[in-house]
Structure formats: C-alpha cells, structure tokens
Amino acid sequence: VVLVFGTGRSEGKENPFTAKASLIRYWNNHISNNLPKPPFLISKASPLNAIDLTKLTQLANHNSLSSHIESFCSLANLFCSFQEDSLKLDAVVKGKGDANFAVYSSKNFKGYGSLRRGGIDSFKNYSDGLNTPNESFKKYSRGSNAHSEDFTSYAKDANVAIDNFTNYGSSTTGGSGGFNNYQERVNVPNLRFTSYDSDGNKHKLSFSSYSSETNSGSEAFTNYGKKGKAVLAEFTSYSSNANTIGSSFAGYGVLGNSANDSFKAYGDSGNNPRNNFKIYGLASKLGIDSFTSYRDSANVGADSFQSYATDANSGKVNFVNYGKTFNVGNSTFKEYGKGSTGSTTIGFKMYDLARSFLDYAKKGVTFAGYTNSSSKETSVNRWVEPGKFFRESVLKQGNVMVMPDIRDKMPRRSFLPRGILSKLPFSTSHLSELRNIFGASMEGMLENALTECERPASRGETKRCVGSVEDMIDFATSVLGHSVTVRTTENVKGSKQEIMIGEVKGINGGEVTKSVSCHQSLYPYLLYYCHSVPKVRVYEAEILDVTSKSKINHGVAICHLDTSAWSPTHGAFLALGSRPGQIEVCHWIFENDMTWTIVD
C-alpha cells in the first residue's frame, strides 16, 4: 500500500479538520474563562494538516506506522533516528590508505574497515556541536590487523547524541582505538558498546575524558572485551564531572586472557553516578584491573559489582581511593572474587564506608585504610548551577541574583493528536513494540522516559505523563478545576548572568496556592511529566539588565513551601545548605516548561 501525503500546508483560513483546530475547540469546551490562549503552548500542537492527519490516523489504527516512520516523523515534527546515510567507501575499506573524517556528522559506518590491514582512521571534531547526532559503527574494524582508530573531540557539545558501536573491533589483532574527549559536554549521551573488542588480540583501547561534563545520559558496555587476549583498556577521566551518568558493564572481560584494564579518575567528581559491573571479569585469566580515584569526590552515587572477578585465575584487582564521596553513596559487591584461584589479589586502599560485600573471597582480599571519608571538605554546592535554586526572600525588587541557564536544550518536537497518541503503546511492558516503531537506537531514550513516568508518585503528589495538549488540559483541570491559566518565563534573556529583579507580583495575591507544573521528557514526540504541587506560591517578576535597568524578560518563579518529602541529597539542599522540611525552595520556570494555576 502506497500512501501519498499532503503538502503539510493549508491555504487561507484554518481548516477545521486540522489537529490545531481540534485543539482550539477542545480548549474552548474545557477551559471556563475568556483569557487569551497562550501562544507558547498552542504552538506546540501537532502541525498535521487534515489530509495527513487522516492518513496517519488510519495507519495508527492498523498498527502500520512503522512502515511509514520517516513520513510520520517528518510530518508530525517528531524526534526520530534514521540511518539513511550509509557510507559507500569500498576503496578505502579495502585499501591501506588512511581516512580522515574531520568535521563530519551523522553517518553510518556499518562494516567500515572490516578485514583491513594497517592504516589509521581519524574522526576529529566529528559531529561537533550538532543538536542530535546519530552514528552507527556496526562491525567497524572487525577482523582488522594493526588498524588504529582515533575519535578526538567526537560529538563535542552535542545535545542528544546516539552512538552505536556493535561488534566494534571484533577479532582484531593489534592496533589501537582512541576515544579522546568523546562526547564532552553532551546533554543526553546514549552510547552502546555491544560485543566491543570481543575476541580481540592486543588491541589497545583508550577512553580519555570520555563523556566528561555530560548531563543525564547512559553508557552500556555489553560483552566488552569478551574472550579478548591481552587487551589493554584505559578509562581516564571517564564521566568526570558528569551529572547522573549511568554506566553498565555487563559481561565485561568475560573469559579474558591477560587483560589489563585501568579505570583512572572514573566518575571523578560526578553527581550521583550509577555504575553496574555485572559478571565483570568472569573466569578471566591473569587479568589486572585498576580502579584509581574511582568516583572520588562524587556526590552520592550507587555502584553494583555483581559476580565481579568470579572464578578468576591469578588476577589482580586494585581499588585505590575508591568512592571517597563527600556525600555517602551506596556500593554493593555481590559474590565479589568468589571462587577465584591462583593467588587472585584484591586490594581496597582508602576505601569509603557505606559499602556492602556479599560473599566476597575470604582469601586474598585486603582492606587498607578503610575509613569514613564522607567529610564536608568539598563545597556542598559544587554540583548545582548558581541561581538554579534560591530562597523566597531573594524575589524582592532591586535584588541582584544570578539566573541559571534556562534555555531548553531538548530537540524541537510537537505534541501528537489524540487520535494517533491513543493507538501507540506507552509502557515499559510494551517496549519491544515501541522499538519496532521508532527503531532500536531509540530504546534507551524510550525506556528512560517510560520508567520515570511509571515511577510511583511521591507523598502528596499526583502525576501524569502527557503527549497531547488535550491530555495536559485534562490533568490540570482535574486538579485545579476548569478556570485555569498556564504560564512560563517569556524568553531566555538573562540566562547564565547576573540579573536585577524588577516589579514582583504574587499570583493569587501572593497567598499559598497549588499548581500543576509540567516538565519536558526526552521522547520521540513532545512528552511532559506533569505533577500537582501543593503548598506553593507562584510569582511573576520583571527581569532587568543590571547595568541599564531596562526590562529584558518576564520571569515566572515557583516557591515550594513544604519540602519535607524531598530527598536530603536534592540539589536544592546541596545549593542552599539545609535539610528537607526546614526551608522553602524557589526556582524559575525554564524555557518550554510551564505551571498551571487557578485564574487569579
């Protein structure tokens, strides 16, 4: 079946059958006031014209959107991942010449460099500064001999980076792979190293400043170095200064022979890093693992070493300055070194408290300098951007404060019409169906958003994830009634600089009220996590230039008066130096986030 879609344009007056026209009617029927409709919210409505809306709805009704995914994503303004730019570089692949991919972006290197002898490939400044780079290095350099790869400043300063290294360097002999400044300062990195360097022989791997200063991403190393021989892996400054990075090393170094892995300054100074080493080094022989300054000075965090070095033969594992967090985290060593033979040595020097060792090897494990190092020597607010949280007393006319970066860094997307949205699965139990629609490379992003949406509500919270404006209206009116309005900060001027507070107006006369706040989630279509917020005060404030005193922005701020149910490690308390329930916490409404209140 071939469907021909429309041009996406409507001539003259708004067609009453478009998705936007349907939304306007819904608003008029469910919002019981005559206030102007907020342009910032209406602009996020689906851009589908009447013809395309009808055809895509038919495809959704027949579960056939996956066969027209490119048209669906393009017409509906979604964030999708395609691999339509496959490289045809047979001459380079088969020859011995070097390849230089400088200032290159979003290509598919599937099977590139396979069986190649010698040569160097350089990916310098690759995908630098792009919003959503998407690269696939499947079977890259597989079976090569003395072939070197250099990824320098790869995907630097990107927003949402998706990289897939499947069977990378499999069965290689010699050579080296260097990842220097890889995905530095990326907002949402999503990396997959599946069967990376498995069966490799003396293929040196170096991850230097990997994912440094990134925000809220994930890396997965599955069957990394499996059955490798004398594979040297160096992770230097991996995820250093990152925020909420989750790393998974599943089956890493399994059955390896004489592997030498070094994790130096891994997760150093990170904020809530979460690392999972599952079946790491299982049955390996003569392996040497070194964790130096691992998670040093990190904030909280959780590490799981499950079946680490189990049944290893003559291995050596050294944890130096492991987990010296300034806020105690949680590490679990389950069956660590269990069943190991041949003088396997495991050493913990200057290791922190709050760790759990279940069934670890009773022989060959030493704990030197095992101390509580969770002192407050490190500044408690080092992980919170200046101005992100503040006290209510700061919102006074004439005060000068730092405004955080309120810019929206997520890819631009639109809501879906309800008729299509209702036909798409939306739960982790249907993740495989969503993967079939949007592609396997989107799985991590899909799972992260769905998991957060399925998280149980906090005490006193009512929450819902919405993918259409109509659903958002329903949730807001169910909490606040039908006479509501929605606000956001007018623009992003003043971000990351000092501002002066001008005239301040308290919503509802500055009295305690309740609101519904909605925050974006990363998903193919525009998805908001909305939740009721009881006991708040909401303010509108003129934002002035400090020097000229001229108005540059119109800000919306919300002050949470009851913080008793918040986590003690919440960034607000790290920034303001208090505890749950003892202070109120205020913050600006960032670009494209919003808060609903009862009409003043």
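Lys549 sits in the loop between β26 and β27 (551-560). Its phi is near 65 degrees, which is positive in a residue other than glycine. I mention that because most residues other than glycine have a negative phi.

Before I go on, a word on where this comes from. This is a predicted model, where local features need pLDDT of at least 70 and side-chain atom pairs count only at pLDDT 80 or more, while totals for chains, interfaces and linings use all residues. Residues are numbered from 1 along each chain as its sequence is written, and side-chain values use heavy atoms, leaving out hydrogens and water.

Back to phi, then. Lys535 is not a glycine either, and its phi is positive at about 55 degrees. Lys535, though, is in a strand, β26 (residues 527-544).

Now the whole chain. We have 10 helices and 29 strands; these are DSSP runs numbered from the N terminus, helices being H or I with at least four residues and strands being E with at least two. Of the 600 residues, 53% are buried. The accessible surface is about 25,200 Å², and carbon and sulfur atoms hold 48% of that. Those areas are Shrake-Rupley values with a 1.4 Å probe, and for residues only the protein chains shown count as cover.

Let's look at some helix pairs. Two packed helices are described by the angle between their axes and the distance between the axes. Axes here are lines fitted to C-alpha atoms, for helices over the stretch in contact, and angles run from 0 to 180 degrees between N-to-C directions.

Pair one is α1 (residues 19-30) with α9 (residues 469-480): the axes come within 10 Å and cross at roughly 10 degrees. That makes α1 roughly parallel to α9. On the scale used, under 35 degrees is roughly parallel, over 145 roughly antiparallel, 65 to 115 roughly perpendicular, and the rest oblique. On the α1 side you'll find Ser22, Leu23, Tyr26, Trp27 and His30, meeting Val469, Glu470, Ile473, Asp474 and Thr477 in α9. By class, that contact has 5 nonpolar, 3 polar and 2 charged residues. For the classes, Ala, Val, Leu, Ile, Met, Phe, Trp, Tyr, Cys and Pro are nonpolar, Asp, Glu, Lys and Arg are charged, and the others, Gly among them, are polar.

So, is Glu470 buried or exposed? Glu470 is buried, with 9% relative accessible area. Setting aside residues up to four places away in sequence, Glu470 touches Ser22, Leu23, Tyr26 and Arg418.

Pair two is α7 (residues 431-438) with α8 (residues 443-454). Here the angle is about 135 degrees and the axes are 10 Å apart, so the two are oblique to each other. Leu431, Leu434, Arg435 and Phe438 in α7 meet Glu443, Leu446, Glu447 and Leu450 in α8. The class count for that contact is 5 nonpolar, no polar and 3 charged.

Click on Leu431 in α7. Leu431 counts as buried, at 10% relative accessibility. Past its neighbours within four places, Leu431 contacts Glu443, Leu446, Glu447 and Leu450. Leu431 and Leu446 are 15 residues apart along the chain, and their C-alpha atoms are separated by 7.6 Å.

Two last stops. Arg413 is in the loop between β21 (400-403) and α6 (418-421), and Arg413 is buried at 6% relative accessible area. What does Arg413 contact, leaving aside neighbours within four places in sequence? The list includes Asn77, Leu78 and Phe79, plus Gln520, Ser521 and Leu522. From Arg413 to Asn77 it's 336 residues along the chain, yet 5.4 Å between C-alpha atoms.

And finally Asn61, in α3 (residues 50-61). Asn61 is partly exposed, at 42% relative accessible area. Its C-alpha lies 8.8 Å from that of Gly419, a residue 358 places away in sequence. That's my tour, thanks.

Note on methods. Buried means under 20% relative accessible area, exposed over 50%, partly exposed in between (1.4 Å probe, protein chains only). Contact means heavy atoms within 4.5 Å.
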